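Colleague: Before I use these labels, I would like to hear the grounds for each of them. Take them one at a time, please.

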Amino acid sequence: MDPAVAARRRRRLGISVVGERLLRGLEYLRDRHGPVGDARGRGLFSGIEFMREGEDLEPAAELADAAVQRMRDHGILLSTDGPDHNVIKMKPPLVFSEADADLLVSNLDSVLSETAFLS
């Protein structure tokens, strides 16, 4: 087998493993934090959606923006997306590792647990 083809296959497998780990972490955050309404992704392209809690589930763009700003304070750059700007999207580089995914999820969990964020 051509070494370049083998390298691409290994890279794709690695991306798949890291992407699944990141998505599992985001699903954990969805289950742990009320404002996170959904977690979705494919490969390394992932996102979490923020909704206001209550009977009328409305997009919570201000919560997504606040989380992005706090993550920036932690040295992690994210951005919002979606028609209501209530989705935090993650588009990490191909060198993103499982340890990087764990660090992102851990920091986001800390941000979402902050009293200031919840008020």
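Predicted model: local features only at pLDDT ≥ 70, side-chain atom pairs only at ≥ 80, totals over all residues.

Colleague: Which strands are called edge strands, and what makes them so?
Modeller: The open sheet has four strands in the order S1-S2-S4-S3, with antiparallel pairing. Strand S1 (36-42) and strand S3 (79-81) each pair on one side only, and that makes them the edges.

Colleague: Why is Asn86 called buried?
Modeller: Buried means under 20% relative accessible area. Asn86 has 2% relative accessibility, so it counts as buried. Asn86 is found in the loop between S3 and strand S4 (87-90). Apart from neighbours within four places in sequence, its contacts include Ile48, Phe50, Pro59, Ala64 and Asp81.

Colleague: How do you know that the length of helix H2 agrees with its number of residues?
Modeller: Helix H2 (residues 61-73) has 13 residues, which at 1.5 Å a residue should span 18 Å. Its end C-alpha atoms are 19 Å apart, which agrees.

Colleague: Which residues of H2 are buried, and how do you know that they are on the same side?
Modeller: Leu63, Ala64, Ala67, Val68 and Met71 are the buried ones. They cover an arc of only 140° around the axis, and therefore lie on the same side of H2.

Colleague: What makes Arg32 and Asp109 a salt bridge?
Modeller: The cut-off is a side-chain nitrogen within 4 Å of a carboxyl oxygen. For Arg32 and Asp109 the N to O distance is 2.7 Å, so the pair qualifies. Arg32 lies in helix H1 (residues 3-32) and Asp109 in helix H3 (residues 98-113), so the bridge ties together parts that are 77 residues apart in sequence.

Colleague: Why is Asp109 called buried and Arg32 partly exposed?
Modeller: Asp109 has 14% relative accessibility and counts as buried. Arg32, at 44%, counts as partly exposed, because that label covers values between the 20% and 50% limits.

Colleague: Why is Asp73 called exposed?
Modeller: Exposed means over 50%, and Asp73 has a relative accessible area of 57%, so the label holds. Asp73 forms a salt bridge with Arg70, the closest N and O atoms being 2.7 Å apart. Both lie in helix H2, three residues apart, about one turn of the helix. Arg70 is partly exposed, with 27%.

Conventions:
Residues numbered from 1 in each chain as written. Heavy atoms only, no water. Pairing = 2+ DSSP bridges. Helix = DSSP H or I, 4+ residues; strand = E, 2+ residues; numbered from the N terminus. Buried < 20%, exposed > 50% of the residue type's maximum accessible area, 1.4 Å probe, protein only. Contact = heavy atoms within 4.5 Å. Expected span 1.5 Å × (residues − 1). Arc of directions from axis to C-beta.
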